[in-house]
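Please work through the exercises below, each of which is followed by a solution in steps.

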Amino acid sequence: MKMTRQHFEFIADRIAPKLPWPSHIQYIADELAKTNPRFNKMKFINRAEQAWFDNNPIEEIDDECPY
């Protein structure tokens, strides 16, 4: 099956934000690149990372010792 832009956009927008860490996006991009020679890996990574950070805000860690 040849994947299309619509498939890639769906994965970047809906699946990537569910990943535990944004570093997993690189692996997914490598695998998707095998499905379509016209796949723009950097465009996918940028879109997927933006979706991940929009849905998973980074919380400030309070690691101060009170003594």
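**Exercise 1.** Is Phe53 buried, partly exposed or exposed?

*Solution.* The model is predicted, and local features need pLDDT of at least 70, side-chain atom pairs pLDDT 80 or more, while totals for chains, interfaces and linings use all residues. Residues are numbered from 1 along each chain, and side-chain values use heavy atoms, without hydrogens and water.

Step 1. Buried means under 20% relative accessible area, exposed over 50%, and partly exposed in between (1.4 Å probe, protein chains only).
Step 2. The relative accessible area of Phe53 is 38%, so Phe53 is partly exposed.
Step 3. Trp52 has 7% relative accessibility and therefore counts as buried.

**Exercise 2.** Describe the aromatic pair that Trp52 and Phe53 form.

*Solution.* Step 1. Rings of Phe, Tyr and Trp (its six-membered ring) pair if their centres lie within 6.5 Å; planes under 30 degrees apart are stacked, over 60 edge-to-face, and the rest tilted.
Step 2. The whole structure holds three aromatic pairs.
Step 3. In the pair of Trp52 and Phe53, the distance is 5.1 Å centre to centre and the angle between the planes is 85 degrees, which is edge-to-face.
Step 4. One aromatic cluster is formed by Phe8, Phe39 and Phe44.

**Exercise 3.** Which residues divide the lining of the largest pocket into nonpolar, polar and charged?

*Solution.* Step 1. Ala, Val, Leu, Ile, Met, Phe, Trp, Tyr, Cys and Pro count as nonpolar, Asp, Glu, Lys and Arg as charged, and the others, Gly among them, as polar.
Step 2. The lining comprises five nonpolar, three polar and six charged residues.
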